[in-house]
Amino acid sequence: MARLPNPYRPGFNQAPLLLAGRDDVIDGAVDALEQAALDARTPRPLVVVGSRGVGKTVVLTRVADLAAERFGWLTVHVEVRPHEPFTDLLAGRLLEAAAVLTDAPPGPRFEVDTATVRARLAGVGAELTLRRRAPEPVRHASLGDALHRAVDAALARESGLVLTVDEVQLASHRELAGFAATLQERTPDDWPLVVALAGLPSVRSPRRSVTYLERAAWYEIGLLDERDTARALAEPAAQAGRSISPAALDLLAATSGGYPYAVQVLGHYAWRESFGAPEITLDHARAALPRAHADLAAGLYQARWDDASPRQQEYLAAVADLLGRTGEATGGDVARLLGAEPSAVSYLRDRLLQKGTLYADGRALRFPTPGMAQWITDHATPDA
Ligand SMILES: Nc1ncnc2c1ncn2[C@@H]1O[C@H](COP(=O)(O)OP(=O)(O)OP(=O)(O)O)[C@@H](O)[C@H]1O
Ligand SMILES: [Mg+2]
């Protein structure tokens, strides 16, 4: 029996075969690209926010793919790291993009295939850099100068540029403001430049407010609805030549809670259980659940838990406890359970929201990852 490749993509930054339920933001990105490429008008930046694992990075990847496929544009990508400035890194990558664009064979379209662009998302132009004729460029310039050089190089070949920045919530306010000011002040309104940013919802907090981002097109992405969850589960299997029975689909969809990361993990194990069969049946789906749970626990829950300080873990355990018993947890409820004044523990809540371990739905606190509350209740004891 030939082994068919598994069509699911469990794991962060893994582009799904079907990007379900993201038409709004993708349509917005296509609009922005068309405006920049065809109407010679610099579009508003796009900002994609959502909690951990809902698919922000894969949306950025999709934007880069679209730019490459439709217009032959390059994408310069940078991911902000904790406590590390990103501006110099970004400026360096822009200079590298300028060099790649300048040295590539003439012609308005810069022929890049999707795979090349993906590879390039880690940095800029690894493959193409190797084929460059010119000596190494000077890698230091201010962000504004680097941006000018890259866009000028793109313009010279009647092309344009996409700039993506991920994990924006990790940028200091000062650096983000500097980045925004550069884009605002140094970007003429007829540049072929599309800027797309992604981060946790805390990017939106007033403390981080910068004018440039206020006028951006904001997209909040979250859990998939029932229809999109079903499509995200069924389509990859169908494309790979296997159907899913309605009962199996219901079970997998309900278990995922519409959480995109869990959709891929569940799909992955259901696919494996159905090796050699023409259809994923309810039995296959049932057999997949323990492995999917174990995978989510090891990959998601444990990582979030270990990333929390002992006090934050106490806070998380209290939220999980309340959710398990009452289905509701507000900051006030948690404080009461911990025997503290709300103001004394609100910094814990804020940190956990900022990291995306929890999210706020109005006053209610929730875990973005289905099953995490249960996992904490069953397995976790706060570190001493
Ligand atoms: N719209 C979608 N449909 C189906 N699967 C998706 C969708 N969006 C994301 N996924 C899957 O969810 C997982 C997480 O995606 P991604 O890494 O982009 O999340 P993220 O929001 O960037 O997470 P983080 O905040 O931790 O960086 C991947 O396995 C991806 O394939
Ligand atoms: Mg991401």
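Strand β1 and strand β5 (residues 217–220) run parallel, joined by four bridges; strands count as paired if DSSP finds at least two bridges between them. Strands here are DSSP runs of E with at least two residues, helices are runs of H or I with at least four, and both are numbered from the N terminus. Keep in mind that this is a predicted model, where local features need pLDDT of at least 70, side-chain atom pairs count only at pLDDT 80 or more, and totals for chains, interfaces and linings use all residues. Residues are numbered from 1 along each chain as its sequence is written, while chains are lettered from A and ligands numbered from 1 in the order in which they are written.

**Around strand β1**
- In β5, the residue facing Val 49 is Glu 220.
- β1 also pairs with strand β4 (residues 193–199), again in the parallel sense and over four bridges, and there Val 49 sits opposite Gly 199.
- In a regular strand, side chains alternate between the two faces of the sheet.
- β1 covers residues 46–49, with Leu 46 and Val 48 pointing one way and Val 47 and Val 49 the other.

**The ligand site**
- The shell around ligand 1 has 25 residues, and Pro 16, Gly 55, Lys 56, Thr 57 and Pro 260 come nearest; to be near, a residue needs its C-beta atom, placed from the backbone, within 6 Å.
- Helices α2 (56–71) and α11 (260–273) are the elements giving two or more residues to this shell, and α11 has the largest share, with four.
- Ligand 1 lies between domain 1 (23–220) and domain 2 (226–304), because both give residues to its shell; the bounds come from an automatic or database domain assignment.

- Most residues other than glycine have a negative phi.
- Glu 158 has a positive phi of about 50° and is found in the loop between α6 (143–156) and β3 (161–166).
- Glu 158 counts as partly exposed because it has 14 C-beta neighbours inside 10 Å.
- Glu 167 has a positive phi of about 60°, and its place is the loop between β3 and α7 (173–186).

**The whole chain**
- The protein chain holds 16 helices and nine strands.
- Of its 384 residues, 46% are buried.

Note on methods: A residue is buried if 20 or more other C-beta atoms lie within 10 Å of its own, exposed if 12 or fewer, and partly exposed in between; C-beta atoms are placed from the backbone.
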